[in-house]
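The exercises below are meant for a reader who is meeting this structure for the first time. Please work through each task before reading the solution that follows.

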Amino acid sequence: MMMIDTINRKSAQLRLEPVDAARLFADGLTPLESVDRFLAEQIRLKEAKSTALRIKRANMPPLKTIEEFDFGFQRSVTKEQMLRLCDFTWVEDAYNIMFLGPPSVGKTFLATALGYRALNSGYSVSFLTLDELIRLLKTNEIASQSKQRLNVIYKSNIVIIDEVGFLPVSKVEANLLFSFVSTLHEKTSIIITSNKGFSEWTGFLGDEVITTAILDRLVYRCEIFNMVGDGYRLKHRKSILG
């Protein structure tokens with residue numbers, strides 16, 4: 001027990017992660033095997049710590065997984081397509097993904113599931129609604145918290161913008177969105193969820209020229225999923241009394 005305490009104390013001095021030494025070295029290993037196992041455990045713990053930090057910074061909604069998604073209910077996208085996207089080669093080339101369709105067809109679910117897969121694969125992700133993004137952009141110069149959050153977003157490998165089109169934006173806000181998309185263009189992957197088809201974007205952005213410029217940058221390198229069907233939550237609603 002004294003030796004285990006000594007190992008953990010020295011690990012702390014070296015800023016290594018604390019380990020369960022009794023479990024690690026219980027198999028009568030040779031000295032070299034013990035060192036190898038200790039180092040492997042350090043790598044595992046540091047990766048887990050890094051992943052937890054990435055998830056915290058990402059501001060993700062509750063966990064969703066591709067395995068949980070009901071592809072039988074939503075047939076506009078397949079499990080095979082989603083799993084192919086999980087190799088994240090598209091992130092290296094700064095491709096975008098757009099999930100379009102009416103409310104409750106699984107757009108945010110799939111965007112969230114891809115976000116968590118990316119985080120667990122070592123990529124940095126930022127998740128926010130369009131309304132939140134506009135608020136950050138408008139207060140960037142006067143609020144330190146907005147500036148700090150935007151700095152994190154700009155450094156992300158993937159930016160997920162949820163609920164695009166739910167609320168109209170002013171011309172000034174549309175220009176801010178254009179500048180934001182232009183900054184990320186061909187550098188950072190963007191995942192968009194929207195309840196509006198492209199022909200309807202001018203309606204909530206309020207300017208045809210700005211709309212065309214934004215869409216031009218988003219769809220240049222992009223996988224687009226047009227999702228149709230009845231809303232999942234209405235179809236599977238739960239009541240208090242059963």
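This is a predicted model: local features need pLDDT of at least 70, side-chain atom pairs count only at pLDDT 80 or more; totals for chains, interfaces and linings use all residues.

**Exercise 1.** Work out in what order the 5 strands of the open sheet are arranged, and which strands stand at the edges.

*Solution.* Begin with the general principle that strands of a sheet pair through backbone hydrogen bonds, either parallel or antiparallel. Here the order is β2-β3-β4-β1-β5, and the pairing is parallel. The edges are taken by β2 (125-129) and β5 (222-226), each of which has a single partner strand, so one side of each is left without a neighbour in the sheet. From one strand to the next, the twist averages 10 degrees.

Next, follow the pairing of β3, which comprises residues 158-164. On one side, β2 is joined to β3 by 5 bridges, the two strands running parallel, and in this pair Ser126 has Val159 of β3 as its bridge partner. With β4, β3 again pairs in the parallel sense over 5 bridges, and Val164 stands opposite Ser194 in β4. Finally, 6 of the 7 residues of β3 are buried, so this strand is largely enclosed by the rest of the structure. Helix α8 (residues 144-154) lies across β2 and β3, and runs at about 125 degrees to β2.

**Exercise 2.** Describe how helix α9 is placed against α11 and against α7, and state which residues make each contact.

*Solution.* Two packed helices are described by the angle between their axes and the distance between the axes. Take α9 (residues 171-184) and α11 (residues 208-219): their axes come within 10 Å and cross at roughly 20 degrees. Since angles under 35 degrees count as roughly parallel, α9 is roughly parallel to α11. The crossing of these two helices is left-handed. On the α9 side the contact is made by Ala174, Asn175, Leu177, Phe178, Val181 and Ser182, while α11 contributes Ile210, Ala213, Ile214, Arg217 and Leu218. By class, the residues of this contact divide into 8 nonpolar, 2 polar and 1 charged.

Turn now to α7 (residues 130-138), whose axis comes within 10 Å of that of α9, with a crossing at roughly 90 degrees. This makes α7 roughly perpendicular to α9. In this contact, Leu130, Leu133, Ile134, Leu137 and Lys138 of α7 meet Glu173, Leu176, Leu177 and Phe180 of α9. The residues involved divide into 7 nonpolar, no polar and 2 charged.

**Exercise 3.** Find where Arg9 is located, and how many residues separate Arg9 from Leu29 in sequence.

*Solution.* Arg9 is found in helix α1, which spans residues 2-13, and with a relative accessible area of 46% this residue is partly exposed. Arg9 and Leu29 lie 20 residues apart in sequence, and from C-alpha to C-alpha they are 21 Å apart in space.

Technical notes:
Residues are numbered from 1 along each chain as its sequence is written. Side-chain values use heavy atoms; hydrogens and water are left out. Axes are lines fitted to C-alpha atoms, for helices over the stretch in contact, and angles run from 0 to 180 degrees between N-to-C directions. Helices (H or I, at least four residues) and strands (E, at least two) are DSSP runs, numbered from the N terminus. Angles under 35 degrees count as roughly parallel, over 145 as roughly antiparallel, 65 to 115 as roughly perpendicular and the rest as oblique. A crossing is left-handed if the near helix is turned anticlockwise from the far one by less than a right angle, and right-handed if clockwise. Contact means heavy atoms within 4.5 Å. Ala, Val, Leu, Ile, Met, Phe, Trp, Tyr, Cys and Pro count as nonpolar, Asp, Glu, Lys and Arg as charged, and the others, Gly among them, as polar. Two strands pair if DSSP finds at least two bridges between them. Buried means under 20% relative accessible area, exposed over 50%, partly exposed in between (1.4 Å probe, protein chains only).
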